There are 2 protein chains.
Amino acid sequence: MTATLVIGPYSDIDTAALKEAFDPVFLDHPEKLSGLDGAARGAITALAYKGHHAVGMTEMDLLPNLALIANYGVGYDAIDVKAASTRGIRVTNTPDVLNDDVADLAVAMLLMQGREMVQASEWARSGNWKTAGEYRLNRKVSGGRAGIVGLGRIGREIADRLAAFKMDIHYFARSEKPTPGWTYHADPVSLARAVDYLVIALVGGAETEKFVSRKVIDALGPRGVVVNISRGTTVDERALLEALEEGRIAGAALDVFLNEPDIDPRFYRLENVVIQPHQGSGTFETRAAMGQLQRDNVAAHHAGRTLLTAVN
Amino acid sequence: MTATLVIGPYSDIDTAALKEAFDPVFLDHPEKLSGLDGAARGAITALAYKGHHAVGMTEMDLLPNLALIANYGVGYDAIDVKAASTRGIRVTNTPDVLNDDVADLAVAMLLMQGREMVQASEWARSGNWKTAGEYRLNRKVSGGRAGIVGLGRIGREIADRLAAFKMDIHYFARSEKPTPGWTYHADPVSLARAVDYLVIALVGGAETEKFVSRKVIDALGPRGVVVNISRGTTVDERALLEALEEGRIAGAALDVFLNEPDIDPRFYRLENVVIQPHQGSGTFETRAAMGQLQRDNVAAHHAGRTLLTAVN
C-alpha cells in the first residue's frame, strides 16, 4: 500500500511528478478522506496538501500513522498546526520561492490602483480615447508614503521594491528590524496614520484575524489605499467595504478575499478597487519551484532525512 | 495687444493660471493661427504650446515677432526646432518633472503584461473565478533580463526601478554611461538578443524614427516583450504588429502609438498587449508641475530673464 496521500487541485505537471515520485493516492478534497478504507488510511504516513479547506483533528484522526503534512504554499493557515504537533505530525510549507512573485504583484497592483490602469486600458480599448479624448488625470505614486504591515520575507521584498520608487517606507512588525532607515511603528494605527499606501504582508490564521481593523482603516484617511496580498482574513473586510463605499479611503488593491473565490459582490461594484484572483504566486516558474519543494519535503520524510522547511 | 499665444487642450486649472499670468490669446489647434488678424499675430512674442500637431515654418511665418515656443511636455518632436533656431526663436520644454510618472507607468505596464493582470482582473470581475476556478499561470517577472533603449533621464529612472526587481539590466545609448554594473550595447540588435524585456525610452522625432526596427524586434525572440513609453514613431509599428500577430514575440505594453488616439485597431485584437492611452505623465501632481514650468519659461522670456529649460 502507498504511504503518500495527495489532496488538492494540482496542475498536470505536478500530478505527473507526484505520481512518478510516490505513486500516491489522489483525492481532490479533504472531505473525501472518509471514503478511503481503513487499511489504505492506516498506510499513509505523508500527506501532500494543496488548498484552503481546513485540515484539522477530524482529518488527522482518520490518518492514524500520519507523520508529515507537506503544504503547497507558504501560508499554512488551513492546517491546524497545534493539533498536528500534539500528535507528533510534522508540517512543512514552501517559503521563499514565491516571495518575488508575490512582491511583484503587490507593487503592480499598487501602481495600477494609483494610475487607474485597468480603467485607462478599458478607456483605450472601448474606443473612448478616440472619441472622448485623453483619459482623466490620476495620482502620482512615486515619492508616496508606504506602510508595510508585517516585515517578514515577503514584506521585505515589497519594501525593497517600493524604495526604488522613492517611497518613504514605514512598517509594523512585532519588533524593530534592521532596515535602511525605514520608520518602525509598534502600533498599526500609528502606521496607518503615517502613510498613504498600507500594504498587508502578514501571515494568515487566527492570530492575525482582522489585524487590519476598522480603527486601522479609519486612520488611513481619504488618500489611503489598502493593498492586500496576504489572506482575506487579515483585514476587517466589512469595515474595508464600508470605507470604500463611503469614500473614506481612496481605494484598494486586493489579491485575497474572504470566502474566495465566491467573494463579496460589493467589491465588483467599486471602480477604485483593483481585483486579482489570488494569483500572487501564480507563475509557471514559481509554482514549479513550490511543487518541487513540497515533493522534496515528502521525499525527505520517506528517506528519514531532515525536512527542508518545517514549521513545527 | 497681448504678447502671449496659447495653443492646445489645457485643463481648467492650467487655463486659469495662464489667463491670470499672461491674459493670452487662446487657440485650440495650430491651424487656427491663420484666423487671427495680422496685428494680433504681430504682437505675439511667446507661444505656450501643448499638443502633437506640427508647429513648423508655416506657423512661424504667421508669427513674425515670435521669440519663444514654450512646449508643454518633455518631448518637443512636434516643433521644428531647426526652423525655430534659424529664426532666432528659442524653444523650451518641461523635462525632469515627469520622469517619475513615466517610469512608474513603464514598470507597471511591464509587470501587468507578464502577470496578465488586466486579463486576471476581468477573470475575477466576470465571475469566472467563482465558476471556472483559478486564473491560468503566467510569467515570473522578477529576475528577468531588461534592456533599456535610451538611457536618458527617463530610461535611468526605469532602470533604477527594474533593478529593485532583481533584473539583469542591459542598455543601449549613444555612448557608455556610468552605471552600477549594467551591460552596455552599442547596437540595439545586440541589446534585443540579450534581453526578454525591451523598454523604449528614446526621444521622438525624425532621428529616432523606427529605431526599434524589424531587425531589432526579430532579435527579441519568442519570450520578448516590447514596452514603449516614448513615442509611437520610435518603433517600426508594422513590424511590431506582425511579430505580435504571428507569435514571434511574447507581447507588448504600449502607452504610445502611431496616429494617436486613432490607433491601429489591430492592437485591440491582441490579448497579449497592455494598452494605455498615452498617460505616462498623466497625474494631477505632474501635470501641475509641467504647467508651472511652462509658465515659468514664458514669464522668464517676458521679463528678459534666462529661460529655465531651453532646448536650443
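A salt bridge is counted here where a side-chain nitrogen of Lys or Arg lies within 4 Å of a carboxyl oxygen of Asp or Glu. In the predicted model, A:R153 and A:D96 meet this criterion, with their closest N and O atoms 3.4 Å apart. Two salt bridges are found by this rule across the interface of domain 1 of chain A and domain 2 of chain A.

The domain assignment of chain A places residues 4-96 + 284-303 in domain 1 and residues 99-275 in domain 2. The C-alpha centres of domain 1 of chain A and domain 2 of chain A are 32 Å apart. Contact between these domains involves seven residues of domain 1 of chain A and seven residues of domain 2 of chain A. About 630 Å² is buried between domain 1 of chain A and domain 2 of chain A, and carbon and sulfur atoms give 37% of this area. Of the area that domain 1 of chain A buries against domain 2 of chain A, 67% is supplied by A:D77, A:D96 and A:T286, more than by any other three residues. Five residue pairs, both members at pLDDT 80 or more, are in polar contact between domain 1 of chain A and domain 2 of chain A. The side of domain 1 of chain A that touches domain 2 of chain A consists of two nonpolar, three polar and two charged residues.

Two annotations of chain A come from an unreviewed UniProt entry. The record assigns "domain: D-isomer specific 2-hydroxyacid dehydrogenase NAD-binding" to residues 107-280 of chain A. This span is 32% helix and 16% strand, and its end C-alpha atoms lie 11 Å apart. For residues 45-312 of chain A, UniProt lists "domain: D-isomer specific 2-hydroxyacid dehydrogenase catalytic". Residues 45-312 of chain A are 35% helix and 15% strand, with the end C-alpha atoms 17 Å apart.

The interface between the chains was examined in the same terms. In chain B, 59 residues are in contact with 59 residues of chain A. The area buried between chain B and chain A is about 5200 Å², with 57% given by carbon and sulfur atoms. B:R115, B:R125 and B:W129 supply 15% of the area that chain B buries against chain A, more than any other three residues.

Between chain B and chain A there are 14 salt bridges, and the count over all chains is 48. In one of those between the chains, B:D100 pairs with A:K166, the closest N and O atoms being 2.7 Å apart. Polar contacts between chain B and chain A number 34 residue pairs, both members at pLDDT 80 or more. Elements that give two or more residues to the side of chain B that touches chain A are α5 (99-114), α6 (117-125), α7 (128-132), α8 (153-163), β12 (273-275) and α12 (284-303) of chain B. The largest share, nine residues, comes from α5(B). By class, the side of chain B that touches chain A comprises 27 nonpolar, eleven polar and 21 charged residues.

A further salt bridge joins the side chains of B:D262 and A:K130, at 3.3 Å from N to O. B:D262 lies in the loop between β11 (251-254) and β12 of chain B, whereas A:K130 is in helix α7 (residues 128-132) of chain A.

How values were computed:
Residues are numbered from 1 along each chain as its sequence is written. Chains are lettered from A and ligands numbered from 1 in the order in which they are written. This is a predicted model: local features need pLDDT of at least 70, side-chain atom pairs count only at pLDDT 80 or more; totals for chains, interfaces and linings use all residues. Side-chain values use heavy atoms; hydrogens and water are left out. UniProt positions are given in the numbering used here, feature names are shortened, and annotations may be inferred rather than shown by experiment. Helices (H or I, at least four residues) and strands (E, at least two) are DSSP runs, numbered from the N terminus. Domain bounds come from an automatic or database domain assignment. Contact means heavy atoms within 4.5 Å. Buried area is the accessible area (1.4 Å probe) that two parts lose on being put together, summed over both. A polar contact is a pair of N or O atoms within 3.5 Å; within protein, one must be able to donate a hydrogen and the other to accept it, and residues adjacent in sequence count only if both atoms are side-chain atoms. Ala, Val, Leu, Ile, Met, Phe, Trp, Tyr, Cys and Pro count as nonpolar, Asp, Glu, Lys and Arg as charged, and the others, Gly among them, as polar.
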